[in-house]
Amino acid sequence: MADRTEVVRVDRLVKDFRPGFGVRRKRVLHGISFGVRRGEIFGFVGPNGAGKTTTLKVLMGLIRPSAGSATILGHDVRETEFRRHVGFLPENPYFYDHLSGREILSFYARLCGVRGSERARRVNTLLRWVGLSSAADARLRTYSKGMQQRVGIAQALVHDPDVVFLDEPMSGLDPIGRKEIRDLILRLRAEGKTVFMNTHILSDVEMVCDRVAIIVNGRIRYEGAIEEFLQTGDRDTDIVLSGLPVDAATLLEESVAAQLRGLGERIEVRVSEKAVRDVLRIAMEAGAEVVSLTPHRVSLESIFLSAVEGDAG
Ligand SMILES: Nc1ncnc2c1ncn2[C@@H]1O[C@H](COP(=O)(O)OP(=O)(O)OP(=O)(O)O)[C@@H](O)[C@H]1O
Ligand SMILES: [Mg+2]
């Protein structure tokens, strides 16, 4: 289980890009801060263009921040020595497709200094681990997208890192492929690894992540447990009533700002959570029957949309 120790710390990170000579610089990260705890699956979530990959590139030491700092396992990301404890799956990785899965993994294992018979053993273990043993000697060009992504994850694990960074590990996969990757990520956590993943696929976030940071237009909108996030805010509730007299319906619209919708004999009333008691009282007193009551969860979609609209306005 996750302890409180922070494995990744990002502090007031700013990144400006200069698109070209004489062109105004563009601020992509506006001083973001967040932390990833040991042993958790951390989702870095945001819509396209939010700054997820840019942040990950800073963490991987591929680009330099304009201001602020980032550390992994207590080391500044500009250091190199600690990198052997870090695995990385880039966004849309490309592997030579005339090589087999076994050859690719062997190649990366060699790069990481895994030698001789130990290398063959490691590669076999990884192939088994990602479920590619039977396809190990087929060329990558014959692999499905899901299989290629599993090779990518195996590649990120060749040196048995403590922390694994995955940029959009489920993108472009069908539901089965996504489930396979989700299961692998959960197994990484079970083995005590810390996983950082970038994603904009909200259902995957809900299924695997322990905590998230939500980034929109280069600013963090939320950091914390996903359940807490989904429970916050004033949620709408739908109440379906039958036998509601017209005057009671009017009263509902006027007194609690309910939105009413006819469903044949029934009426659906949408109100904010805090008005639910009043609606039930008015309905019961008018002799109506309560058919159902459905609280809506705040969805990540709605947060994305409102944040994006907020920024535009
Ligand atoms: N080298 C660069 N030069 C100029 N602008 C860049 C550069 N790299 C990224 N950007 C811009 O920075 C913003 C954030 O891009 P980034 O790739 O980090 O987003 P993202 O959250 O990973 O999006 P996606 O979900 O599409 O992968 C975008 O507006 C992008 O156009
Ligand atoms: Mg990206």
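This note comments, point by point, on the structure shown above.

1. The model is predicted: local features need pLDDT of at least 70, side-chain atom pairs count only at pLDDT 80 or more, and totals for chains, interfaces and linings use all residues. Residues are numbered from 1 along each chain as its sequence is written, while chains are lettered from A and ligands numbered from 1 in the order in which they are written.

2. The chain is divided into domain 1 (6-231) and domain 2 (236-295); such bounds come from an automatic or database domain assignment. The centres of domain 1 and domain 2, taken over C-alpha atoms, are separated by 47 Å.

3. One open sheet has four strands in the order 2-1-4-5, with antiparallel pairing. Helices (H or I, at least four residues) and strands (E, at least two) are DSSP runs, numbered from the N terminus, and two strands pair if DSSP finds at least two bridges between them. Strand 2 (26-37) and strand 5 (75-76) stand at the edges with a single partner strand each, so one side of each has no neighbour in the sheet. Two bridges join strand 4 (residues 67-72) to strand 5 in the antiparallel sense, and Ile72 stands opposite His75 in strand 5.

4. Helix 1 (residues 52-59) lies across strand 1 (6-17), strand 2 and strand 4, running at about 115 degrees to strand 1. Angles run from 0 to 180 degrees between N-to-C directions, with axes fitted to C-alpha atoms, for helices over the stretch in contact; contact requires C-beta atoms, placed from the backbone, within 7 Å.

5. Ligand 1 is surrounded by 14 residues, of which the closest are Phe17, Asn48, Lys52, Thr53 and Thr54 (a residue is near if its C-beta atom, placed from the backbone, lies within 6 Å). Strand 2 and helix 1 are the elements that give two or more residues to this shell, and helix 1 provides the largest share, three residues.

6. Leu126 lies in helix 3 (residues 116-129). Why does Leu126 count as buried? Leu126 has 26 C-beta neighbours inside 10 Å, and the cut-offs are 20 or more for buried, 12 or fewer for exposed, and partly exposed in between. Not counting residues up to four places away in sequence, Leu126 touches Leu105, Ala154, Leu157 and Val158.

7. Another open sheet has four strands in the order 12-13-11-14, with antiparallel pairing. Strand 12 (259-263) and strand 14 (289-295) are the edge strands. Strand 12 is joined to strand 13 (residues 266-272) by five bridges, and Gln259 stands opposite Arg270 in strand 13.

Note on methods
Contact = placed C-beta atoms within 7 Å.
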